[in-house]
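Dear colleague,

I am handing over the structure below, and my notes on what was found in it follow. Please read them with the coordinates open beside you.

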Amino acid sequence: MRRIGLALAFWAALAGFVVLDATRSAPRDRFAEPPPLALGNERASGAGHCSGK
Amino acid sequence: MSSVARPHPAVGAVPRLAPWAVVPLAWFAVTWVAGVRQGLLVLVGLGFGAVLAATAFGFTTGWRVWLRQRDPTGLLAQFLAIGLAMLGTVPLLATHPELSGAVAPLSWSLVLGAFVFGAAMQVADGCGSGTLYKAGLGHPASIAAFPGLVIGSFLGAAHQDWWLSWGSLPGVSLVETLGAGGTIAAQGAALVVLGALAWRARRATGTRWVGRGVWIGAILLAVLGVANLVIAGQPWGIVYGPGLWGAKIVTWLGADLSGNAFWGTEARMAQVAAPVLDDVTTITNLGLLAGSLLVAARRGTACPDLGPVPMRQWLAAIVAGLVLGYSSRLAFGCNVGAFFSGISSGSLHGWVWFAAAFAGSTLGIRLRERLGMKG
């Protein structure tokens, strides 16, 4: 038997997290969005990579 | 001549194409909500997931079949992917200071964390990317491991400062010490030598990776890895994302992370407060999850029937997920953030990670056998 219920629960939890986050996070400033490519533009803040300490 | 009416080809094409309609929808939705950069990155993430699932490009399995059967195919494909990614990444890092490589300290925590991660990934049957793409396509053990990955990654990062107090040396960027040409020559030679040794020691006459798929997968992963760097400004990573999700959840529950050495920095506090879709690692992770599901849905292999799973294997998966997440933060990444991206960025910590995690995998395979796991 395929475990479709488990997969559905997983995806529902993931979607629920993203939606809940949208309601709890600071509002986004559309005029402060980064340029499409990091290449050739300002250096990123460096907050979010696994290699960070 | 058969009188059975066949459906018009266009009718059959509709259900076949239906899952792929998610791709432009995901791109549009993410671009609309989180901006053009994030929209591009979700496409990169979808690509990662699709390639990993379509070619069964498993870091964990590649190591295991070499250690158990001396089949070098998976290992060689990984070396090819890393080598090709390096050819794109190193010149970019050498000439574009706005881009960051995956360079991390050489610490005791790196050695210990990578060893433990290498053992846990064999028990969980998936590393960081493997757990994500298998969870995405509905693999029960990976879904069970996923919450542990979130909790472990958050806690490991929160405790990273204490582990670093055991002793560490600054990160070594070969791009800065040897230059782009020297890095490519030195690391390319190392990858070729390791590949030759793995090939020379081969025993298996058959392989699970039949055909060109795994080699095409290696090339595509390298291209997507370089695209990730160009768009996001940093190499492909996995485990920072789940850790950030954990930080958000504990903050919602009332925890104050401002005093924590890792999460309390100004940049990370801002990231915890900002929408999760603004995080580049989260976006590629979500794309990866969806990409693997799309491929599995297209092939009819989603939610695989693996037969009854004993309770001890469920428990092992949950604990392994926790250990994977925690140890990956001590080790500054998983197979993707440290091994693939570390070495392709010319960071010495990527090589240390590989050696320690590979040693850990030998222990993990024994644990796997004791737990009665297949494969």
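This is a predicted model: local features need pLDDT of at least 70, side-chain atom pairs count only at pLDDT 80 or more; totals for chains, interfaces and linings use all residues.

Because Arg28(A) lies in the segment after H1 of chain A, while Asp278(B) sits in the loop between helix H13 (266-273) and helix H14 (280-299) of chain B, the pair joins two chains. Arg28(A) counts as partly exposed, at 24% relative accessibility, and Asp278(B) is likewise partly exposed, with a relative accessible area of 31%.

Two salt bridges are counted between chain A and chain B, and another pair that crosses between the chains is Asp21(A) with Lys248(B), whose closest N and O atoms are 2.7 Å apart. Here Asp21(A) belongs to helix H1 (residues 4-24) of chain A and Lys248(B) to helix H12 (residues 240-252) of chain B, and both residues are buried.

As for the interface as a whole, 37 residues of chain A are in contact with 70 residues of chain B, and the two chains bury about 4,300 Å² between them, 61% of it on carbon and sulfur atoms. Arg3(A), Arg28(A) and Cys50(A) supply 15% of the area that chain A buries against chain B, more than any other three residues.

Definitions and conventions: Residues are numbered from 1 along each chain as its sequence is written. Chains are lettered from A and ligands numbered from 1 in the order in which they are written. Side-chain values use heavy atoms; hydrogens and water are left out. Contact means heavy atoms within 4.5 Å. Buried area is the accessible area (1.4 Å probe) that two parts lose on being put together, summed over both. A salt bridge is a side-chain nitrogen of Lys or Arg within 4 Å of a carboxyl oxygen of Asp or Glu. Helices (H or I, at least four residues) and strands (E, at least two) are DSSP runs, numbered from the N terminus. Buried means under 20% relative accessible area, exposed over 50%, partly exposed in between (1.4 Å probe, protein chains only).
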